[in-house]
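Student: I have not seen this structure before. Can you take me through it with questions and answers?

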Amino acid sequence: MKTSFAVAVIATLLSCSALAAKPTIKQHHIDALGDDMNCRTCHTTKGAFERPSDQACIDCHGGMHDIPTQPNRFDKNPHNSHHYEDLLECMVCHSEHQPSKDICSDCHKVEFNNLK
């Protein structure tokens, strides 16, 4: 009985601290939007808090063909790849609250120095 009560108290404390933690916002978004940047800038769904849609990204950044990528020594364009063309969801590579990761590097040796 004491053990289950202690587990319940610890679980409650951990969930409260997780809710109180403020998620990180990447500096380039703070620089671009300043005080206008808030959770609903990207999480546009009403009600349930869901992963941002591609449309939320496109509303600010434009479509894949509008987003410049820096030249790289492999002459690859991650926004128009030969595997996915321009149909890959933005959040597959880009993340606001965690490090972004280019999935091209899972199989290919490429370098995208400006991945944000």
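Tutor: One term comes up soon: a cavity is a set of grid points where a 1.4 Å probe fits but cannot get out, and its lining residues have an atom within 4 Å of a point. Keep in mind as well that this is a predicted model.

Student: Which residues line the largest cavity?
Tutor: The structure holds 1 cavity of 30 Å³ or more. About 40 Å³ of space lies in the largest cavity. The residues of its lining are Pro-78, Ser-81, Tyr-84, Leu-88, Cys-93, Ile-103 and Cys-104.

Student: How do the residues of that lining divide into nonpolar, polar and charged?
Tutor: For this division, Tyr, Cys and Pro count as nonpolar, along with Leu and Ile. Ser-81 is one of the residues in the lining of the largest cavity, and a residue such as Ser counts as polar. The lining of the largest cavity has no charged residues, 1 polar and 6 nonpolar.

Student: Which residues lie nearest the centre of the second largest pocket?
Tutor: This pocket holds about 250 Å³ of space, and 16 residues line it. The lining of the second largest pocket divides into 7 nonpolar, 6 polar and 3 charged residues. Nearest its centre lie Ser-81, His-82, His-83, Cys-104 and His-108.

Student: In what order do the elements of the protein run from the N terminus on?
Tutor: The protein has 4 helices and 0 strands. The elements run α-α-α-α.

Student: What share of the residues of the protein count as buried?
Tutor: Buried means under 20% relative accessible area. The protein has 116 residues, and it exposes about 9,100 Å², of which carbon and sulfur atoms supply 59%. The share that counts as buried is 19%.

Student: What share of the contacts with a separation of 6 or more comes from residues 24 or more positions apart?
Tutor: A contact here means heavy atoms within 4.5 Å. Among the contacts in the protein with a separation of 6 or more, residues 24 or more positions apart account for 47%.

Student: Which residue forms a salt bridge with Arg-51?
Tutor: The count of salt bridges comes to 2. In the one with Arg-51, the closest N and O atoms are 3.8 Å apart. The partner of Arg-51 is Glu-89.

Student: How many residues apart in sequence are the parts that this pair ties together?
Tutor: Arg-51 lies in the loop between helix H3 (39-42) and helix H4 (54-61), whereas Glu-89 lies in the segment after H4, so the pair ties together parts of the chain. Arg-51 is partly exposed at 49% relative accessible area, and Glu-89 is partly exposed at 44%. The separation in sequence is 38 residues.

Student: What is the phi of Glu-85?
Tutor: Glu-85 is found in the segment after H4, and it is partly exposed at 47% relative accessibility. Its phi is positive, in a residue other than glycine. The value is near 50°.

Student: With which residues is Met-91 in contact, leaving aside its neighbours within four places in sequence?
Tutor: Met-91 has its place in the segment after H4 and is partly exposed, with a relative accessible area of 23%. Met-91 and Pro-52 are 39 residues apart in sequence, yet their C-alpha atoms are 7.9 Å apart in space. The contacts of Met-91 beyond those neighbours are Arg-51, Pro-52 and Asp-54.

Key. Residues are numbered from 1 along each chain as its sequence is written. This is a predicted model: local features need pLDDT of at least 70, side-chain atom pairs count only at pLDDT 80 or more; totals for chains, interfaces and linings use all residues. Side-chain values use heavy atoms; hydrogens and water are left out. Helices (H or I, at least four residues) and strands (E, at least two) are DSSP runs, numbered from the N terminus. Buried means under 20% relative accessible area, exposed over 50%, partly exposed in between (1.4 Å probe, protein chains only). Accessible areas come from the Shrake-Rupley method with a 1.4 Å probe; for residues, only the protein chains shown count as cover. On a 1 Å grid over the protein atoms alone, a cavity is a set of points where a 1.4 Å probe fits but cannot get out, and a pocket is an open set with protein on both sides within 12 Å along at least five of seven lines; lining residues have an atom within 4 Å of a point. Grid points are joined across faces, edges and corners, and a volume is the space filled by probe spheres set on the points. A salt bridge is a side-chain nitrogen of Lys or Arg within 4 Å of a carboxyl oxygen of Asp or Glu.
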